Structures are given as structure tokens and as C-alpha cells.
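Subject: Structure for you to look over

Dear colleague,

I am handing over the structure below, with some notes on what was found in it. Please read them with the structure open beside you.

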Amino acid sequence: MDYNEEITEEFQGVKLWWSANRTLSKTQRIVIYPVDDEKKSYKLTVHKRHIELITQSYISHVMKEGKEIETRNRQRKLYSNNPSQNWDGYRSNKWSNVLFEHPATFDTLAMDAKLKEEIKNDLIKFSKGKDYYARIGKAWKRGYLLYGPPGTGKSSMIAAMANLLDYDVYDLELTAVKENTELRRLLLDTSSKSIIVIEDIDCSIDLTGQRGKKTEKDGNEDEPSDPATKRVKKEEKKESKVTLSGLLNCIDGLWSSCGGERIIVFTTNYVEKLDPALIRRGRMDKHIELSYCCFDAFKVLNCLIVALMHSRYLRRIIWRLILIHCSEKSNHCWGKQI
Ligand SMILES: Nc1ncnc2c1ncn2[C@@H]1O[C@H](COP(=O)(O)OP(=O)(O)OP(=O)(O)O)[C@@H](O)[C@H]1O
């Protein structure tokens with residue numbers, strides 16, 4: 001709606017007029033950074049005998065419609081965390097973002113069909129679970145642990161999740177987070193309807209068994225005599241940053257109930273390296289193994305390749321390559337099923 005424009009609307013047989021105005025602040029201020037001094041307002045005109053209808057039904061109808069339009073037009077974003085030294089100052093942000101346009105969907109994911117359906121249903125159930133979570137007194141969040149060998153579709157699965165639910169993705173680089181308080185501030189700065197991802201959690205930081213080792217370390221550590229080594233050691237200590245308990249507190253501590261509808265995803269190639277406390281059910285609610293090609297995955301790949309390649313000769317070459325790759329990697333004897 002442009003300024004000085006007037007729009008006529010009808011609601012339950014009642015005629016209404018909307019107009020948009022803008023006023024500029026008259027007070028003169030000296031500012032360091034440019035600020036928006038413009039005030040925008042919308043004026044609604046209606047006959048006074050309809051005031052009750054407007055206050056009781058129309059305004060809530062407008063708010064609801066507005067929210068729906070906003071959701072429909074929302075462009076999803078992929079966020080990554082900025083180093084904390086860039087957090088302060090003019091227009092600084094904890095997160096940088098780009099448009100999220102990953103093409104992966106559950107249709108293009110090659111994996112066991114039953115598991116795929118189970119994950120989709122779980123996600124949809126979660127996204128519609130606001131009342132359920134409120135009823136049982138739990139924060140509206142869900143944890144997924146995706147594990148398996150490199151290149152088996154963990155990142156693609158996260159993109160498919162985000163595309164299914166229409167959520168933003170926060171790619172949290174833990175190695176860039178200095179300490180637990182920073183981690184908390186970062187997570188508090190995420191929006192609802194989002195997936196917070198920590199990829200390769202086993203490599204991100206020494207989270208494995210850190211709690212158990214702490215006392216042992218504290219007591220036995222030899223203090224180096226040489227000042228240079230001392231300084232390096234001190235720096236290394238500073239680098240160690242986020243602790244396991246800090247991360248656990250952030251995942252399911254009180255902060256996580258500030259706003260809801262967040263999914264937390266950890267990915268790892270080495271699930272056995274992780275501290276059981278980090279991935280216990282209730283914290284990481286669903287553990288999903290993504291592995292080498294199974295028969296259902298093979299069928300999805302078949303559909304994709306048939307759709308893409310019109311030459312039978314090329315298709316045969318690709319299939320030979322896939323078969324060789326899969327028979328090397330997989331223990332399943334699905335070859336017979338083909
Ligand atoms: N199950 C799958 N279905 C569809 N595409 C897949 C699958 N697994 C791997 N790919 C393809 O292989 C490439 C690598 O996949 P992806 O990055 O999702 O794997 P990853 O498990 O996250 O790897 P890493 O552990 O190295 O981060 C992508 O281009 C993806 O499209």
C-alpha cells in the first residue's frame with residue numbers, strides 16, 4: 001500500500017477504508033549512525049455503528065491473515081555464526097545469513113523407504129505438536145543425531161528436513177565459539193521454526209568424556225617450567241572454550257524453553273566416540289544411521305537417473321559404476337532383489 005493511497009474493503013457486509021500515512025520526526029538529533037526517523041501509520045475508517053465488529057472480529061482477522069501471508073512469503077535463510085569479536089558495534093550480528101536454496105527433498109534422498117517415512121512422520125508430528133508439548137510441560141524442541149560414514153547423505157537429510165518443514169537452518173560452528181556464555185547467547189539469538197545444526201560434532205571440540213577426565217587432568221597435569229611453553233599452554237586452554245556440560249545445559253537447560261519449535265541436529269561419522277550423555281534419548285530423541293546404498297536407495301537413484309539420462313548406453317555405464325561401488329561398500333545382499 002503506497003502513502004496517500006486509500007483502499008476500500010468489505011468485511012461481513014461492512015465497508016471499511018484503509019489509508020497509509022507517514023510522518024517525519026521534527027526533533028533534531030545529532031546521531032553517529034543513520035536512523036530511520038520516519039513513522040508509518042495506517043488509518044482505518046468505518047461507520048461508528050460497526051465499531052464492535054471491528055474490535056471484536058476484524059482486527060484479529062487482519063492479524064491472522066497478515067501472519068499467514070508473512071509465512072507464505074518468508075524466504076528461508078541459512079545462518080552461520082560470526083566470531084564474537086564482531087558482535088558489538090553498529091549493525092553487528094551474531095549470525096550471518098544467506099538465502100537457503102538447497103534442492104534436497106525426501107523424494108531425492110536415497111534411503112530405506114520405511115525409515116524415510118518414519119522420519120517424515122516424526123518431523124510433521126513435531127511441527128504440529130505445540131499443544132502436546134505444552135500439555136506435558138516440555139520445551140518444544142527435538143534432537144536428531146545423524147551418523148554414518150562420510151558422504152552418505154547427512155547434510156542432504158538436514159536440507160530435506162528444512163525443506164519439508166519450511167524451517168531456517170542455523171549452521172553452528174562450535175570451534176568459533178569461545179565459551180559457554182557465548183554459546184548460550186548465540187542460541188538465544190536463534191528464531192523459532194529453525195534447525196540448529198552442529199556438523200561433525202566429534203571433531204568440533206573435545207566433548208568426548210571431557211567431564212570424566214577433568215578431575216584427573218586437574219590433578220596430574222605437569223606445569224611446564226619454560227615461560228614460552230607456559231604461554232602456549234595458557235593459549236591452548238583459552239582455545240578449549242565450550243565444555244560438554246555447557247553444551248548440555250544449552251541443549252536442554254532453561255534457555256531452550258525460550259520460544260519453541262526448534263530442532264537440534266548433530267552429525268558425526270564416529271558415533272562411538274561421543275559421550276553417552278550427549279546423545280542419550282530425550283536429548284537426542286532420534287538416532288538415525290545413514291549408511292551405504294540399500295535396495296530402496298537403489299530404487300530412488302534409479303528413478304533419478306532414468307529421469308535425467310535419455311541415453312540407454314549412458315544409463316548402463318552409470319549403473320555398472322553404482323553396482324561396483326555398492327557391492328564394495330554394502331553387506332546387504334540386495335543384488336538378488338534387482
Ligand atoms: N542417501 C543419499 N541420497 C541422495 N544423495 C546422496 C545420498 N548420500 C549422498 N548423497 C549425495 O552425495 C553428496 C554428499 O552427501 P552429503 O554431503 O549429504 O553427505 P554427508 O554424509 O553429509 O557427508 P560428510 O559426512 O562428509 O559431511 C551430495 O551431493 C548428495 O547429494
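A residue is taken to be near a molecule if its C-beta atom, placed from the backbone, lies within 6 Å of it. Please keep in mind that this is a predicted model.

I begin with the ligand. Of the 13 residues around the ligand, those that come nearest are Pro150, Gly153, Lys154, Ser155 and Ser156. The shell is made up of 5 nonpolar, 7 polar and 1 charged residues, and helix H4 (residues 154-165) gives the most to it, with 3 residues.

Leaving aside residues up to four places away in sequence, Ile158 touches Val169, Ile195, Val197 and Val265.

Helix H2 (residues 113-127) has 15 residues and reaches 21 Å from its first C-alpha to its last, close to the 21 Å expected at 1.5 Å a residue. Within H2, Ile119, Leu123 and Phe126 are buried, and because the buried residues fall within an arc of 65 degrees when seen down the axis of H2, they line one face of the helix. The face turned away from that buried side carries the exposed residues Lys114, Glu117, Asn121, Ile124 and Lys125, whereas the cover over the buried residues of H2 includes strand E6 (141-147), H4 and strand E10 (286-289).

With best wishes

Technical notes:
Residues numbered from 1 in each chain as written. Predicted model: local features only at pLDDT ≥ 70, side-chain atom pairs only at ≥ 80, totals over all residues. Helix = DSSP H or I, 4+ residues; strand = E, 2+ residues; numbered from the N terminus. Nonpolar A, V, L, I, M, F, W, Y, C, P; charged D, E, K, R; others polar. Expected span 1.5 Å × (residues − 1). Buried ≥ 20, exposed ≤ 12 C-beta atoms within 10 Å, placed from the backbone. Arc of directions from axis to C-beta. Contact = placed C-beta atoms within 7 Å.
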